[in-house]
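Thanks for asking me to look this one over. Here are my notes, point by point, to read beside the sequence and the 3D view.

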Amino acid sequence: QVQLVESGGGSVQAGGSLRLSCEASGSIFSINTMGWHRQAAGKQRELVAVIGINGSTSYADSVKGRFTISRDNAKIMVFLQMNSLKPEDTAVYYCKAGGLRGGYDYDWWGQGTQVTVSS
């Protein structure tokens, strides 16, 4: 089993920055990809950014050029640096780790951290 704990959420004015962190524990050898998703009130959860174990990254179009995902493989942590924040970035941000469980692909989720951007 894998446990994910996020930190770093909060409230900021438009144009500001926040840095989210997520630390994995447990069966961390099972993890391949790590990433961030978000869910705004009344909307479906959406992918924000993902990073592979080799460092390859992918971003949602809405955050390209503003957000940067990184990971520390030694500590099994993933980070999301969010710059030039907009009110539409307001959401609960969830850390996700993808890997193998019992030989099958499996996703683990954190509990989420609130990000609120005011105009």
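1. A cut-off to begin with: a residue counts as buried under 20% relative accessible area and as exposed over 50%, with partly exposed in between. Glu46 has 36% relative accessibility, so Glu46 falls in the partly exposed class. Please keep in mind throughout that this is a predicted model.

2. Staying with Glu46, what does its side chain meet? The partner is Arg38, in a salt bridge with 2.7 Å from N to O. Arg38 is at 6% relative accessibility and therefore counts as buried.

3. Taking a step back, Arg38, Glu46, Asp89 and Arg66 are linked in a network of salt bridges.

4. How many salt bridges does a search of the whole structure find? The count is five. One of them joins the side chains of Lys96 and Asp107, at 3.6 Å from N to O. Lys96 lies in strand β9 and Asp107 in strand β10 (residues 104–109), so parts eleven residues apart in sequence are tied together. Asp107, at 38% relative accessibility, counts as partly exposed.

5. Now the disulfide. One is counted, and it joins Cys22 to Cys95 with an S to S distance of 2.1 Å. Cys22 is in strand β3 and Cys95 in strand β9, so the link ties together parts that are 73 residues apart in sequence. The turn about the S-S bond is -80 degrees, which makes the link left-handed. Are these two cysteines buried or exposed? Cys22 is buried, at 0% relative accessible area, and Cys95 likewise counts as buried at 0%.

6. On to the nonpolar interior. In soluble globular proteins, nonpolar side chains tend to be buried together. Here the largest nonpolar core has 29 residues, and those with the most contacts inside it are Leu4, Met34, Trp36, Leu80, Met82 and Tyr93. Several strands supply at least two core residues each, among them β1 (2–7), β3 (18–26), β4 (31–39), β8 (77–82) and β9 (91–101).

7. Leaving aside residues up to four places away in sequence, Leu80 touches partners including Leu18, Leu20, Trp36, Val48, Phe67, Ile69 and Tyr93. Arg19 and Thr68 are also among the residues that Leu80 touches.

8. Finally, the aromatic rings. The whole structure holds two aromatic pairs. One is Tyr94 with Trp109, an edge-to-face arrangement at 6.4 Å centre to centre and 85 degrees between the planes. Tyr94 counts as buried at 14% relative accessibility, whereas Trp109, at 35%, counts as partly exposed. Tyr94 also has a charged neighbour: Arg45 lies over the face of its ring, 3.7 Å from the ring centre. Elsewhere, Arg101 lies over the face of Tyr106, at 4.6 Å from the ring centre.

How values were computed: Residues are numbered from 1 along each chain as its sequence is written. This is a predicted model: local features need pLDDT of at least 70, side-chain atom pairs count only at pLDDT 80 or more; totals for chains, interfaces and linings use all residues. Side-chain values use heavy atoms; hydrogens and water are left out. A nonpolar core is a set of buried Ala, Val, Leu, Ile, Met, Phe, Trp, Tyr and Cys residues joined through side-chain atoms within 4.5 Å. Buried means under 20% relative accessible area, exposed over 50%, partly exposed in between (1.4 Å probe, protein chains only). Helices (H or I, at least four residues) and strands (E, at least two) are DSSP runs, numbered from the N terminus. Contact means heavy atoms within 4.5 Å. A salt bridge is a side-chain nitrogen of Lys or Arg within 4 Å of a carboxyl oxygen of Asp or Glu. Rings of Phe, Tyr and Trp (its six-membered ring) pair if their centres lie within 6.5 Å; planes under 30 degrees apart count as stacked, over 60 as edge-to-face and the rest as tilted. A charge sits over a ring if NZ of Lys or CZ of Arg is within 6 Å of the ring centre and within 35 degrees of the ring normal. A disulfide is a pair of cysteine sulfur atoms within 2.5 Å.
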